[in-house]
Amino acid sequence: MATVKGISTFSAEQEAQALRKAMKGFGTDEDAIIDTLTKLNVSQRQQVLITYKSTIGRDLIDDLKSELSGNFEKVIVGLMTPTIMYDVHELRRALKGAGTDEGCLIEILASRTNAEIRHINENYKLQYGSTLEDDIVSDTSSLFRRVLVSLATGNRDEGTFVDEALAQQDAQCLYEAGEKKWGTDEVQFMSILCTRNRCHLLRVFDVYRGIANKDITESIKSEMSGDLEDALLAVVKCLRNKPAYFAERLYKSMKGLGTDDSTLIRVMVSRSEVDMLYIRREFLAMYGKSLHSFIKGDCSGDYRKVLLRLCGGED
C-alpha cells in the first residue's frame, strides 16, 4: 500500500557517494537527489545518513540544507527524518512556531496508533525537555485542549470487541448530549469518541443514525464549531476510513487559491510508506481527479517532481 518501498540490493556506501556527487562542485543535481532518496525507504535512508558521515566525514542533512531551499528542501529533509521524529518535529512546529497550527496537531494526534503516540511522547520529551502534553496545555485552550490532551495519551482501547448494550447506551448518550438538548455537552462526545475502540464506535455511529436520523458528523457540525469541531470530525473520519481522511487533507491543501504546503508535504512524506496507494484510490473516488494530476497542476519544479515520485503514479 506504500508507494515508496525501498530496494532489495542496497549499498549504503554507493548511495552516499551518489548523493555527495550530486552536491559536490558547481551546481546541484537535484534529479539525482530525488532518484536516490525516493527509491530508498526510511530505514535505508538512515543507513545512508550514517554511512555518509563515516565515509565522507560530513553531515548529509547539513549538506542537503545548504544546497537546497524552499518546499523542495522541506520534502527532502522530511524524507531523511525517522518517522517518529518527523511527527515530533511537526508537532513542535505546530505548537511553538509562529502561531499555532491546529490542523497539524489534529491530523497527527487523531490518525496515529497508540504505539506511535507513545513513541512520539517519549521522543518529544527527549528532544525538547518538556512533555507534549505540557506544550499542548500551554498553547491551546478550553475543550479543544482537552481533546488533544486525551488523544495525546495514546490510550484508546485497541481491541475489537463490540459491546452491543454499551453501543446503544453510547449512541443514546451522544444524542442526549447534543441533538436532544439545548446547548451541547461536549465532554460526553470527547470521552466516548476518544476512548472506545474502533469496531465499537462504528457500531455506535450506526445506532446513532437510527436514533438521530442523521449522521454523527452532521451532528458534530451543527453542534460545535472551530477547532473542537475539526478535531472531533477528524477522529470520526480516521476511525471510519483513514485513507479517505488523508485524501481530504490533500485535496483541501491544494484546492482554491494558494497551497497549504506544510500539510501537503507532511501527508505526502508521512504516508508514502504507509497507505499512499489507498489514499490515491480514495482521492480519485471522492474528487473525480487523480492525486497525481492535482499535484501536477498545483506545484512546480523539483518540488513537484519529488511529490509526484512520492505519489507514485497516475491513476
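Glu 90 is buried, with a relative accessible area of 11%, where buried denotes under 20% relative accessible area, exposed over 50%, and partly exposed the range in between, as computed with a 1.4 Å probe on protein chains only. The structure is a predicted model, in which local features need a pLDDT of at least 70 and side-chain atom pairs count only at pLDDT 80 or more, whereas totals for chains, interfaces and linings use all residues. Residues are numbered from 1 along each chain as its sequence is written, and side-chain values use heavy atoms, with hydrogens and water left out.

Glu 90 forms a salt bridge with Arg 93, in which the closest N and O atoms are 3.0 Å apart; a salt bridge is taken as a side-chain nitrogen of Lys or Arg within 4 Å of a carboxyl oxygen of Asp or Glu. The two residues are 3 residues apart in helix α6 and are therefore separated by about one helical turn, helices being DSSP runs (H or I, at least four residues) and strands likewise (E, at least two), numbered from the N terminus. A second salt bridge joins the side chains of Arg 249 and Glu 107, with an N to O distance of 3.0 Å. This pair links distant parts of the chain, since Arg 249 belongs to helix α16 (residues 242–254) and Glu 107 to helix α7, 142 residues apart. Both Arg 249 and Glu 107 are buried. The residues of these two pairs, Glu 90, Arg 93, Glu 107 and Arg 249, are linked together with Asp 101 and Arg 266 in a network of salt bridges.

Across the whole structure, the search finds 26 salt bridges. One of them is formed by Glu 218 and Lys 221, whose closest N and O atoms are 3.9 Å apart. These residues are 3 residues apart in helix α14 (residues 216–223), so that about one helical turn separates them. Glu 218 is partly exposed, with a relative accessible area of 40%, and Lys 221 is also partly exposed, with a value of 41%.

The largest pocket holds about 470 Å³ of space. Pockets were identified on a 1 Å grid over the protein atoms alone, a pocket being an open set of points with protein on both sides within 12 Å along at least five of seven lines, while a cavity is a set of points where a 1.4 Å probe fits but cannot get out; lining residues have an atom within 4 Å of a point. Grid points are joined across faces, edges and corners, and a volume is the space filled by probe spheres set on the points. The largest pocket is lined by 20 residues, of which Val 77, Gly 78, Thr 81, Tyr 86 and His 89 are the closest to its centre. At least two lining residues each come from α3 (42–56), α4 (60–67), α5 (70–79), α6 (83–96) and α17 (261–271), and α6 gives the most, with 5 residues. By class, this lining comprises 8 nonpolar, 6 polar and 6 charged residues, with Ala, Val, Leu, Ile, Met, Phe, Trp, Tyr, Cys and Pro counted as nonpolar, Asp, Glu, Lys and Arg as charged, and the others, Gly among them, as polar.

The second largest pocket contains about 390 Å³ of space. Its lining consists of 23 residues, and Arg 112, Arg 156, Glu 158, Leu 239 and Lys 242 lie nearest its centre. Two or more lining residues are given by each of α7 (102–111), α8 (114–128), α10 (142–152), α13 (198–212) and α15 (226–240). The lining of the second largest pocket divides into 9 nonpolar, 8 polar and 6 charged residues.

Arg 156 is found in the loop between α10 and α11 (164–177). A polar atom of the Arg 156 side chain does, however, lie 2.8 Å from the backbone oxygen of Arg 196.

Positive phi values occur in residues other than glycine at Ser 142, with phi near 50°, and at Asn 213, with phi near 60°. Ser 142 lies in helix α10 and is exposed, with a relative accessible area of 53%. Asn 213 is found in the loop between α13 and α14 and is likewise exposed, with a relative accessible area of 68%.

Notes. A polar contact is a pair of N or O atoms within 3.5 Å; within protein, one must be able to donate a hydrogen and the other to accept it, and residues adjacent in sequence count only if both atoms are side-chain atoms.
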